Amino acid sequence: MADQRSSGYWYSDDRTRRGVAVLNALRDYRAAEAAMRRRTRSAMRMGETDLLAIRFLLKREGEGRTVSPKDLAAHLGISSASTTVLIDRLVRSGHVERRPHPTDRRALVIAPTISSDDEVRATLGDMHRRMIQVAEGLDAAEAGTVLYFLENMRDAVDSVSEHAADEVEREPEPRATVSPIESARSIS
C-alpha cells in the first residue's frame, strides 16, 4: 500500500512546506491514537461504542452529574433501542449499573462501576501520564501556540458540512448507450 504522506516537494514556498510537515505530523498522531484505541478496545474486550459510553459515564460521574439512558443515547447519537442493548451488554459485563434516579423515583440513571473505573485506569493510566508529561513540558508560549493551532484545526474540520458531497457540483456521468436490440432484450 502506498504511503499516504504528502511530501510537499512540489511547493516552493517554505511556509507551505512547513504547513505540510505539520499536517503530516498531525496525521501521524491521529493514526497512532486510532491504533491505541484499537488496542484499548481489544484489551478491554469492548467495541468502540462501549468504550465511548464508559468514557462519557466516567466523565459525568467525575463532574458529579447523573446520566439517564436518554442522555447516553444523545451523546452517542444512537437510538433508544440501541442504547438499551448497549446498557444491557455493559451491565452484563460488569462495567455499568442501573441505579434509581436521585429525585425521580420512576427514572433510572446509568453509572460506571468501580471495577470499570479501575480497568480504564489500569489500561490507560501509563499512557495518560506520558501524555501529561509531554503537555507539561511546554512553556506558556508553546502551550498557547498548540492550543491556538488545535482549536483552529477543530474549527476547520467542524466547518465541513454533513452534506458537503451534495454541495459539490459534479459533472454528470456519461450515459451508457444501449442499442435498440439490447433494449429490446432487456424488456423481454
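**Helix packing in a predicted model**

The buried residues of α1, where buried means under 20% relative accessible area with a 1.4 Å probe and protein chains only, pack against α2 and α5 (114-136). This is a predicted model, in which local features need pLDDT of at least 70 and side-chain atom pairs count only at pLDDT 80 or more, while totals for chains, interfaces and linings use all residues. Residues are numbered from 1 along each chain as its sequence is written, and side-chain values use heavy atoms, with hydrogens and water left out.

**The chain as a whole**

- The chain holds eight helices and two strands, which are DSSP runs numbered from the N terminus (H or I and at least four residues for helices, E and at least two for strands).
- Read from the N terminus, the order of the elements is α-α-α-α-β-β-α-α-α-α.
- Of the 188 residues in the chain, 20% are buried.
- The accessible surface of the chain is about 14,700 Å², and carbon and sulfur atoms hold 54% of that surface, as computed by the Shrake-Rupley method with a 1.4 Å probe, where for residues only the protein chains shown count as cover.
- Among the contacts (heavy atoms within 4.5 Å) in the chain with a separation of 6 or more, 39% are between residues 24 or more positions apart.

**Helix α1**

- Helix α1 covers residues 14-44, and its 31 residues reach 45 Å from the first C-alpha to the last, close to the 45 Å expected at 1.5 Å a residue, where the expected span is 1.5 Å times one less than the number of residues.
- The buried residues of this helix are V20, N24, A35, M36, T40, R41 and M44.
- After α1 comes R45, which has a positive phi, near 55 degrees.

**Helix α2 against helix α4**

- The axes of helix α2 (residues 48-62) and helix α4 (residues 80-92) come within 11 Å and cross at roughly 80 degrees; such axes are lines fitted to C-alpha atoms, for helices over the stretch in contact, and angles run from 0 to 180 degrees between N-to-C directions.
- T49, D50, A53 and I54 of α2 make the contact with L86, R89 and L90 of α4.
- The residues of this contact comprise four nonpolar, one polar and two charged, where Ala, Val, Leu, Ile, Met, Phe, Trp, Tyr, Cys and Pro count as nonpolar, Asp, Glu, Lys and Arg as charged, and the others, Gly among them, as polar.
- D50, found in helix α2, counts as buried because its relative accessibility is 8%.
- Apart from its neighbours within four places in sequence, D50 is in contact with L86, R89 and L90.

**Helix α3 against helix α4**

- Helix α3 (residues 69-76) packs with α4 at an angle of about 110 degrees, and their axes are 9 Å apart, so α3 is roughly perpendicular to α4.
- On the α3 side the contact is made by P69, L72, A73 and L76, and on the α4 side by T83, L86 and I87.
- These contact residues divide into six nonpolar, one polar and no charged.

**M153 in helix α6**

- M153 lies in helix α6 (residues 140-158) and has a relative accessible area of 24%, so M153 is partly exposed, which means between the under 20% of buried and the over 50% of exposed residues.
- M153 and L23 are 130 residues apart in sequence, yet their C-alpha atoms are 9.9 Å apart in space.
- Not counting residues up to four places away in sequence, M153 touches L23 and L26.

Definitions and conventions:
Parallel < 35°, antiparallel > 145°, perpendicular 65-115°, else oblique.
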